[in-house]
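Subject: Structure handover

Hello,

I am passing on the structure we spoke about. Please open it alongside this message.

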Amino acid sequence: MEVDMGHDSLVVNSWNEWDPLQEIVVGSADRACFEPTEPGSRPAIRDAPGVPFPTGPKSGEAVELANEELDGLVALLESQGIVVRRPEPHDFSAPIRTPDFEVENQYCAVCPRDVMITMGNEIIEATMSRRARYFEYQPYRKLVYEYWNADPRVEWTTAPKPSMSDGMYREEFWEWPLEKRHERMHSFEFCVNQDEVVFDAADMSRLGRDILVQESMTTNRAGIRWLRRHLEPRGFRVHTVHFPLDFFPSHIDCTFVPLRPGLVLTNPERPLREGEEKMFLANDWELVDAPQPVLGNDEMPRYCQSSKWLSMNVLSMSPTKVICEEREKPLQDLLAKLDFEVFPVPFRHVFEYGGSLHCATWDVRREGTREDYFPALRYEPLV
(Lines give C-alpha, C1' and ligand atoms only; values in the text may rest on other atoms or scores of the structure.)
Protein backbone atom coordinates (compact mmCIF):
# COMPACT_ATOMS: atom_id res chain seq x y z
CA MET A 1 0.00 0.00 0.00
CA GLU A 2 1.44 3.38 -1.05
CA VAL A 3 1.17 6.18 1.49
CA ASP A 4 2.04 9.87 1.50
CA MET A 5 5.66 9.51 2.59
CA GLY A 6 6.13 13.27 2.72
CA HIS A 7 3.97 13.53 5.82
CA ASP A 8 6.00 14.87 8.75
CA SER A 9 4.15 12.83 11.35
CA LEU A 10 5.12 9.38 10.05
CA VAL A 11 6.25 7.20 12.94
CA VAL A 12 8.20 4.76 10.76
CA ASN A 13 9.98 6.02 7.64
CA SER A 14 13.39 4.88 6.36
CA TRP A 15 14.20 4.21 2.72
CA ASN A 16 17.98 4.12 2.61
CA GLU A 17 21.15 4.06 4.71
CA TRP A 18 21.97 7.78 4.64
CA ASP A 19 19.02 10.20 4.82
CA PRO A 20 19.00 12.51 7.89
CA LEU A 21 18.40 10.32 10.91
CA GLN A 22 15.52 11.08 13.28
CA GLU A 23 14.94 7.95 15.41
CA ILE A 24 17.03 4.85 15.97
CA VAL A 25 17.28 1.80 18.23
CA VAL A 26 20.70 1.13 19.82
CA GLY A 27 21.45 -2.35 21.16
CA SER A 28 22.33 -3.42 24.69
CA ALA A 29 24.77 -5.97 26.10
CA ASP A 30 22.67 -6.65 29.19
CA ARG A 31 22.47 -10.37 30.04
CA ALA A 32 24.40 -11.32 26.91
CA CYS A 33 25.77 -14.84 26.47
CA PHE A 34 28.45 -16.48 24.39
CA GLU A 35 27.01 -17.75 21.13
CA PRO A 36 26.82 -21.55 21.38
CA THR A 37 28.27 -24.01 18.91
CA GLU A 38 25.50 -25.19 16.59
CA PRO A 39 25.06 -26.27 12.94
CA GLY A 40 24.95 -22.65 11.73
CA SER A 41 27.84 -21.38 13.84
CA ARG A 42 31.21 -22.68 14.99
CA PRO A 43 32.65 -19.96 17.23
CA ALA A 44 36.37 -20.19 18.01
CA ILE A 45 38.83 -18.40 20.27
CA ARG A 46 41.23 -16.45 18.07
CA ASP A 47 44.41 -16.95 20.07
CA ALA A 48 43.66 -20.50 21.28
CA PRO A 49 42.78 -22.80 18.38
CA GLY A 50 41.30 -26.08 19.54
CA VAL A 51 40.33 -24.76 22.97
CA PRO A 52 36.57 -25.07 23.56
CA PHE A 53 34.69 -21.81 23.14
CA PRO A 54 33.19 -20.46 26.40
CA THR A 55 29.54 -21.12 27.13
CA GLY A 56 26.87 -19.34 29.14
CA PRO A 57 26.69 -15.68 30.20
CA LYS A 58 29.37 -13.14 29.36
CA SER A 59 31.33 -11.78 32.32
CA GLY A 60 30.03 -8.73 34.14
CA GLU A 61 33.16 -6.83 33.08
CA ALA A 62 32.66 -7.66 29.39
CA VAL A 63 29.02 -6.55 29.54
CA GLU A 64 29.94 -3.33 31.35
CA LEU A 65 32.67 -2.42 28.83
CA ALA A 66 30.36 -2.99 25.87
CA ASN A 67 27.48 -1.09 27.47
CA GLU A 68 29.76 1.85 28.21
CA GLU A 69 30.55 2.15 24.49
CA LEU A 70 26.92 1.64 23.46
CA ASP A 71 25.91 4.38 25.92
CA GLY A 72 28.57 6.61 24.36
CA LEU A 73 26.99 6.08 20.95
CA VAL A 74 23.59 6.95 22.44
CA ALA A 75 25.00 10.18 23.90
CA LEU A 76 26.47 11.19 20.52
CA LEU A 77 23.23 10.49 18.66
CA GLU A 78 21.16 12.40 21.21
CA SER A 79 23.57 15.34 20.99
CA GLN A 80 22.64 15.52 17.31
CA GLY A 81 18.91 15.72 18.12
CA ILE A 82 18.21 12.08 17.27
CA VAL A 83 15.67 10.09 19.30
CA VAL A 84 17.24 6.88 20.65
CA ARG A 85 15.32 3.83 21.85
CA ARG A 86 16.71 0.70 23.52
CA PRO A 87 15.61 -2.96 23.56
CA GLU A 88 13.70 -4.51 26.44
CA PRO A 89 15.61 -6.73 28.94
CA HIS A 90 15.74 -10.39 27.90
CA ASP A 91 17.10 -13.51 29.60
CA PHE A 92 19.55 -14.82 27.00
CA SER A 93 20.75 -17.55 29.37
CA ALA A 94 17.44 -19.39 28.95
CA PRO A 95 17.62 -22.46 26.69
CA ILE A 96 15.47 -22.87 23.59
CA ARG A 97 13.57 -26.06 22.90
CA THR A 98 11.26 -26.53 19.89
CA PRO A 99 9.98 -29.70 18.17
CA ASP A 100 12.95 -29.44 15.78
CA PHE A 101 15.95 -28.36 17.85
CA GLU A 102 17.39 -27.53 21.25
CA VAL A 103 20.10 -25.02 22.16
CA GLU A 104 21.55 -24.39 25.61
CA ASN A 105 21.38 -20.59 25.59
CA GLN A 106 20.65 -17.59 23.39
CA TYR A 107 22.97 -14.73 22.37
CA CYS A 108 22.38 -11.00 22.92
CA ALA A 109 20.56 -7.82 21.89
CA VAL A 110 23.66 -5.88 20.85
CA CYS A 111 22.90 -6.06 17.12
CA PRO A 112 19.29 -5.14 16.28
CA ARG A 113 20.37 -4.66 12.65
CA ASP A 114 20.63 -8.43 12.25
CA VAL A 115 16.96 -9.12 12.95
CA MET A 116 15.03 -5.87 12.31
CA ILE A 117 14.85 -3.73 9.17
CA THR A 118 12.74 -0.75 8.11
CA MET A 119 11.50 -0.61 4.52
CA GLY A 120 9.78 2.73 4.13
CA ASN A 121 6.84 2.55 6.54
CA GLU A 122 7.15 -1.23 6.99
CA ILE A 123 9.00 -3.07 9.75
CA ILE A 124 10.25 -6.55 8.78
CA GLU A 125 11.46 -9.15 11.28
CA ALA A 126 13.97 -11.47 9.63
CA THR A 127 13.83 -15.25 9.93
CA MET A 128 17.37 -15.44 11.36
CA SER A 129 19.68 -18.33 10.50
CA ARG A 130 21.00 -19.57 13.84
CA ARG A 131 19.21 -21.41 16.60
CA ALA A 132 20.51 -19.24 19.43
CA ARG A 133 19.01 -16.21 17.66
CA TYR A 134 15.58 -17.73 16.96
CA PHE A 135 13.80 -15.48 19.47
CA GLU A 136 16.03 -12.44 19.12
CA TYR A 137 13.10 -10.33 17.93
CA GLN A 138 11.60 -10.43 21.42
CA PRO A 139 13.59 -7.52 22.94
CA TYR A 140 12.15 -5.27 20.19
CA ARG A 141 8.51 -6.44 20.25
CA LYS A 142 7.34 -3.81 22.72
CA LEU A 143 8.80 -1.07 20.50
CA VAL A 144 7.26 -2.56 17.38
CA TYR A 145 3.84 -2.65 19.02
CA GLU A 146 4.31 0.97 20.05
CA TYR A 147 5.09 2.04 16.49
CA TRP A 148 2.31 -0.11 15.04
CA ASN A 149 -0.30 1.18 17.47
CA ALA A 150 0.77 4.82 17.04
CA ASP A 151 0.29 5.04 13.27
CA PRO A 152 -2.15 3.03 11.10
CA ARG A 153 0.20 3.52 8.15
CA VAL A 154 2.87 1.36 9.80
CA GLU A 155 3.09 -2.10 8.28
CA TRP A 156 4.61 -4.96 10.24
CA THR A 157 5.72 -8.21 8.67
CA THR A 158 7.23 -11.23 10.39
CA ALA A 159 9.02 -13.48 7.93
CA PRO A 160 8.26 -17.22 8.15
CA LYS A 161 10.35 -18.93 10.79
CA PRO A 162 12.50 -21.79 9.45
CA SER A 163 12.65 -25.10 11.28
CA MET A 164 16.39 -24.87 12.09
CA SER A 165 16.35 -28.65 12.24
CA ASP A 166 19.52 -30.61 11.50
CA GLY A 167 18.37 -31.09 7.92
CA MET A 168 18.35 -27.34 7.26
CA TYR A 169 22.12 -27.18 7.61
CA ARG A 170 25.12 -28.47 5.71
CA GLU A 171 27.38 -29.32 8.65
CA GLU A 172 30.24 -30.58 6.45
CA PHE A 173 30.71 -26.96 5.37
CA TRP A 174 32.76 -26.29 8.47
CA GLU A 175 35.22 -29.06 7.59
CA TRP A 176 35.92 -27.94 4.03
CA PRO A 177 39.56 -26.94 3.50
CA LEU A 178 40.24 -23.52 2.02
CA GLU A 179 41.05 -25.12 -1.35
CA LYS A 180 37.57 -26.63 -1.57
CA ARG A 181 36.00 -23.32 -0.63
CA HIS A 182 37.92 -21.68 -3.46
CA GLU A 183 36.79 -24.38 -5.91
CA ARG A 184 33.15 -23.93 -4.86
CA MET A 185 33.12 -20.17 -4.42
CA HIS A 186 30.99 -19.63 -7.54
CA SER A 187 28.27 -22.04 -6.40
CA PHE A 188 27.64 -20.03 -3.19
CA GLU A 189 26.69 -23.03 -1.10
CA PHE A 190 27.35 -22.45 2.58
CA CYS A 191 26.24 -23.87 5.94
CA VAL A 192 22.51 -23.34 5.27
CA ASN A 193 20.90 -25.32 2.47
CA GLN A 194 18.30 -24.02 0.00
CA ASP A 195 15.17 -25.83 1.23
CA GLU A 196 13.72 -23.23 3.64
CA VAL A 197 13.37 -19.44 3.67
CA VAL A 198 16.37 -18.12 5.60
CA PHE A 199 17.71 -14.56 5.86
CA ASP A 200 19.25 -12.14 8.34
CA ALA A 201 18.20 -8.51 7.93
CA ALA A 202 21.85 -7.39 7.98
CA ASP A 203 22.41 -9.08 4.62
CA MET A 204 20.25 -6.31 3.10
CA SER A 205 21.21 -2.79 2.09
CA ARG A 206 18.61 -0.16 1.17
CA LEU A 207 19.13 2.31 -1.67
CA GLY A 208 15.68 3.83 -2.11
CA ARG A 209 13.72 1.82 -4.63
CA ASP A 210 16.55 -0.72 -4.90
CA ILE A 211 17.44 -3.31 -2.26
CA LEU A 212 20.68 -5.31 -2.28
CA VAL A 213 20.63 -8.76 -0.67
CA GLN A 214 23.83 -10.72 -0.18
CA GLU A 215 23.72 -14.50 -0.65
CA SER A 216 25.68 -15.76 2.32
CA MET A 217 25.99 -18.13 5.26
CA THR A 218 23.03 -16.34 6.83
CA THR A 219 20.83 -15.70 3.76
CA ASN A 220 20.00 -18.34 1.15
CA ARG A 221 18.35 -18.20 -2.25
CA ALA A 222 14.95 -19.18 -0.84
CA GLY A 223 15.19 -16.23 1.56
CA ILE A 224 16.02 -13.88 -1.32
CA ARG A 225 13.13 -15.29 -3.33
CA TRP A 226 10.75 -14.62 -0.43
CA LEU A 227 12.04 -11.04 -0.15
CA ARG A 228 11.53 -10.45 -3.87
CA ARG A 229 7.98 -11.80 -3.77
CA HIS A 230 7.20 -9.68 -0.72
CA LEU A 231 8.89 -6.43 -1.78
CA GLU A 232 8.40 -6.26 -5.55
CA PRO A 233 4.59 -5.74 -5.31
CA ARG A 234 5.41 -2.81 -3.00
CA GLY A 235 7.46 -1.13 -5.73
CA PHE A 236 10.97 -2.27 -4.75
CA ARG A 237 13.61 -3.88 -6.95
CA VAL A 238 15.59 -6.61 -5.19
CA HIS A 239 19.09 -7.46 -6.41
CA THR A 240 21.13 -10.46 -5.31
CA VAL A 241 24.82 -9.65 -4.84
CA HIS A 242 27.81 -11.91 -4.26
CA PHE A 243 31.35 -11.45 -2.98
CA PRO A 244 33.10 -14.64 -4.12
CA LEU A 245 36.41 -14.02 -2.32
CA ASP A 246 34.66 -13.95 1.06
CA PHE A 247 34.73 -17.60 2.14
CA PHE A 248 32.57 -16.99 5.24
CA PRO A 249 30.15 -14.26 4.08
CA SER A 250 27.76 -13.03 6.74
CA HIS A 251 26.06 -9.60 6.56
CA ILE A 252 26.74 -7.06 3.86
CA ASP A 253 27.60 -4.06 6.02
CA CYS A 254 31.30 -4.89 6.37
CA THR A 255 31.69 -5.42 2.64
CA PHE A 256 29.55 -2.98 0.65
CA VAL A 257 28.43 0.21 2.43
CA PRO A 258 26.40 2.94 0.64
CA LEU A 259 27.28 6.33 2.15
CA ARG A 260 25.19 8.74 0.07
CA PRO A 261 23.61 8.85 -3.39
CA GLY A 262 26.33 7.98 -5.89
CA LEU A 263 28.93 6.66 -3.41
CA VAL A 264 29.64 3.20 -1.95
CA LEU A 265 32.46 2.22 0.40
CA THR A 266 33.79 -1.12 -0.86
CA ASN A 267 36.00 -3.85 0.54
CA PRO A 268 39.27 -4.21 -1.44
CA GLU A 269 39.53 -7.89 -0.44
CA ARG A 270 35.91 -8.73 -1.36
CA PRO A 271 35.03 -7.37 -4.81
CA LEU A 272 31.57 -7.82 -6.27
CA ARG A 273 31.07 -10.76 -8.59
CA GLU A 274 31.92 -9.74 -12.14
CA GLY A 275 28.95 -8.05 -13.78
CA GLU A 276 27.16 -7.04 -10.58
CA GLU A 277 28.91 -3.66 -10.55
CA LYS A 278 27.22 -2.64 -13.82
CA MET A 279 24.08 -1.21 -12.19
CA PHE A 280 26.30 1.20 -10.24
CA LEU A 281 28.64 2.20 -13.05
CA ALA A 282 25.77 2.68 -15.50
CA ASN A 283 24.23 5.18 -13.08
CA ASP A 284 27.49 7.05 -12.34
CA TRP A 285 28.00 5.70 -8.84
CA GLU A 286 31.53 5.76 -7.44
CA LEU A 287 32.89 2.65 -5.71
CA VAL A 288 35.67 3.62 -3.28
CA ASP A 289 37.85 1.02 -1.54
CA ALA A 290 38.16 1.28 2.22
CA PRO A 291 41.72 1.46 3.61
CA GLN A 292 43.18 -1.50 5.45
CA PRO A 293 41.84 -1.64 9.03
CA VAL A 294 44.06 -0.55 11.91
CA LEU A 295 43.70 -3.99 13.53
CA GLY A 296 44.44 -7.13 11.53
CA ASN A 297 42.41 -10.30 11.89
CA ASP A 298 44.96 -11.64 14.40
CA GLU A 299 44.56 -8.54 16.58
CA MET A 300 40.78 -8.54 16.91
CA PRO A 301 39.26 -9.28 20.36
CA ARG A 302 39.77 -12.96 21.23
CA TYR A 303 36.05 -13.83 21.37
CA CYS A 304 35.11 -11.77 18.30
CA GLN A 305 33.84 -13.91 15.41
CA SER A 306 33.87 -11.04 12.90
CA SER A 307 36.73 -10.01 10.61
CA LYS A 308 38.97 -6.94 10.72
CA TRP A 309 36.54 -5.34 8.26
CA LEU A 310 34.27 -4.29 11.11
CA SER A 311 36.22 -1.09 10.43
CA MET A 312 33.80 -0.46 7.51
CA ASN A 313 30.73 -0.84 9.73
CA VAL A 314 30.02 2.88 9.96
CA LEU A 315 26.69 4.58 10.72
CA SER A 316 25.45 7.49 8.62
CA MET A 317 23.53 10.22 10.43
CA SER A 318 23.01 12.09 7.15
CA PRO A 319 24.55 12.28 3.66
CA THR A 320 27.32 14.43 5.18
CA LYS A 321 27.75 13.01 8.73
CA VAL A 322 29.23 9.58 9.50
CA ILE A 323 30.08 7.87 12.80
CA CYS A 324 33.31 5.82 12.70
CA GLU A 325 35.22 3.74 15.26
CA GLU A 326 37.71 6.04 16.97
CA ARG A 327 40.89 4.08 16.19
CA GLU A 328 40.19 3.77 12.46
CA LYS A 329 42.14 6.91 11.53
CA PRO A 330 42.85 5.89 7.90
CA LEU A 331 39.12 5.43 7.27
CA GLN A 332 38.33 8.70 9.04
CA ASP A 333 40.83 10.49 6.79
CA LEU A 334 39.29 8.94 3.67
CA LEU A 335 35.77 9.94 4.73
CA ALA A 336 36.95 13.49 5.43
CA LYS A 337 38.47 13.69 1.94
CA LEU A 338 35.08 12.58 0.61
CA ASP A 339 33.54 15.64 2.33
CA PHE A 340 32.01 13.88 5.33
CA GLU A 341 32.01 15.25 8.84
CA VAL A 342 33.36 12.30 10.83
CA PHE A 343 32.32 11.55 14.41
CA PRO A 344 34.76 9.06 16.04
CA VAL A 345 33.55 6.96 18.98
CA PRO A 346 35.20 4.08 20.88
CA PHE A 347 33.57 0.76 20.01
CA ARG A 348 36.22 -1.99 20.24
CA HIS A 349 34.61 -3.76 23.20
CA VAL A 350 31.39 -4.18 21.23
CA PHE A 351 33.23 -6.16 18.55
CA GLU A 352 33.03 -9.47 20.43
CA TYR A 353 29.22 -9.24 20.28
CA GLY A 354 29.21 -9.59 16.51
CA GLY A 355 29.28 -6.10 15.09
CA SER A 356 30.14 -2.44 15.18
CA LEU A 357 28.25 0.82 14.72
CA HIS A 358 25.87 -0.12 11.91
CA CYS A 359 25.22 -3.60 13.33
CA ALA A 360 24.43 -2.19 16.79
CA THR A 361 21.61 0.01 15.48
CA TRP A 362 18.25 -0.17 13.72
CA ASP A 363 17.10 3.06 12.11
CA VAL A 364 13.35 3.51 12.45
CA ARG A 365 12.86 6.98 11.04
CA ARG A 366 14.84 9.12 8.62
CA GLU A 367 13.83 12.13 6.59
CA GLY A 368 13.17 11.63 2.89
CA THR A 369 11.11 9.53 0.53
CA ARG A 370 11.69 6.56 -1.73
CA GLU A 371 13.88 7.72 -4.60
CA ASP A 372 15.09 5.99 -7.76
CA TYR A 373 18.88 6.30 -7.68
CA PHE A 374 19.31 3.93 -10.64
CA PRO A 375 17.23 5.38 -13.50
CA ALA A 376 19.33 3.60 -16.12
CA LEU A 377 18.66 0.21 -14.53
CA ARG A 378 17.00 -2.58 -16.50
CA TYR A 379 15.30 -4.87 -14.01
CA GLU A 380 13.41 -8.14 -14.50
CA PRO A 381 10.74 -8.69 -11.82
CA LEU A 382 10.35 -12.19 -10.41
CA VAL A 383 7.78 -14.19 -12.34
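Predicted model: local features only at pLDDT ≥ 70, side-chain atom pairs only at ≥ 80, totals over all residues.

Residues are numbered from 1 along each chain as its sequence is written, and side-chain values use heavy atoms, with hydrogens and water left out.

The whole chain

The protein chain has 6 helices and 17 strands; helices (H or I, at least four residues) and strands (E, at least two) are DSSP runs, numbered from the N terminus. Its radius of gyration is 19 Å, close to the 21 Å that the globule rule gives for 383 residues, so the chain is as compact as a globular protein of that length. That radius is taken over C-alpha atoms, and the globule rule is 2.2 Å times the number of residues to the power 0.38. The C-alpha trace spans about 55 × 45 × 45 Å along its principal axes.

Of the 383 residues, 60% are buried. Buried means under 20% relative accessible area, exposed means over 50%, and partly exposed is in between (1.4 Å probe, protein chains only). The chain exposes about 15,400 Å², and carbon and sulfur atoms supply 49% of that area. Accessible areas come from the Shrake-Rupley method with a 1.4 Å probe; for residues, only the protein chains shown count as cover.

Among contacts (heavy atoms within 4.5 Å) between residues at least 6 apart in sequence, 75% join residues at least 24 apart. There are 42 positive and 65 negative side chains, and the centres of the two sets lie 2 Å apart. Lys and Arg count as positive and Asp and Glu as negative; His and the chain ends are not counted. The place of a charge is taken as NZ of Lys, CZ of Arg, CG of Asp or CD of Glu.

Helix α1 covers residues 60-79; its 20 residues should span 28 Å, and its end C-alpha atoms are 28 Å apart, which agrees. The expected span of a helix is 1.5 Å times one less than its number of residues. The buried residues of α1 include Ala62, Val63, Ala66, Leu70 and Leu73. Among the elements that cover them are β1, β2, β14 and β17. Just after α1, glycine 81 takes a positive phi of about 80°.

Helix α2 runs over residues 138-150; its 13 residues should span 18 Å, and the end C-alpha atoms are 19 Å apart, which agrees. In α2, Pro139, Tyr140, Leu143, Val144 and Tyr147 are buried. They pack against β1, β2, β5, β6, β7 and β17.

Single residues

Two residues other than glycine have a positive phi. Phenylalanine 188, with phi near 50°, sits in the loop between α3 and β8 and is buried, at 4% relative accessible area. Aspartate 339, with phi of about 75°, lies in the loop between α6 and β16 and is exposed, at 61%.

Glutamate 125 belongs to strand β6 and is buried, with a relative accessible area of 1%. Leaving out residues up to four places away in sequence, glutamate 125 touches several others, including Tyr137, Arg141 and Trp156.

Arginine 113 is in the loop between β4 and β5 and counts as buried at 6% relative accessibility. Its C-alpha atom is separated by 9.8 Å from that of aspartate 253, 140 residues away along the chain. Aspartate 253 is also one of the residues that arginine 113 touches, and Glu17, Arg206 and Trp362 are among the others.

Lysine 308 lies in the loop between β13 and β14 and, at 12% relative accessibility, is buried. Beyond its neighbours within four places in sequence, its contacts include Glu269, Gln292 and Met300.

Serine 93 is in the loop between β2 and β3 and is partly exposed, at 36% relative accessibility. With neighbours within four places left aside, serine 93 is in contact with Cys33, Pro57, Glu104 and Asn105.

Regards
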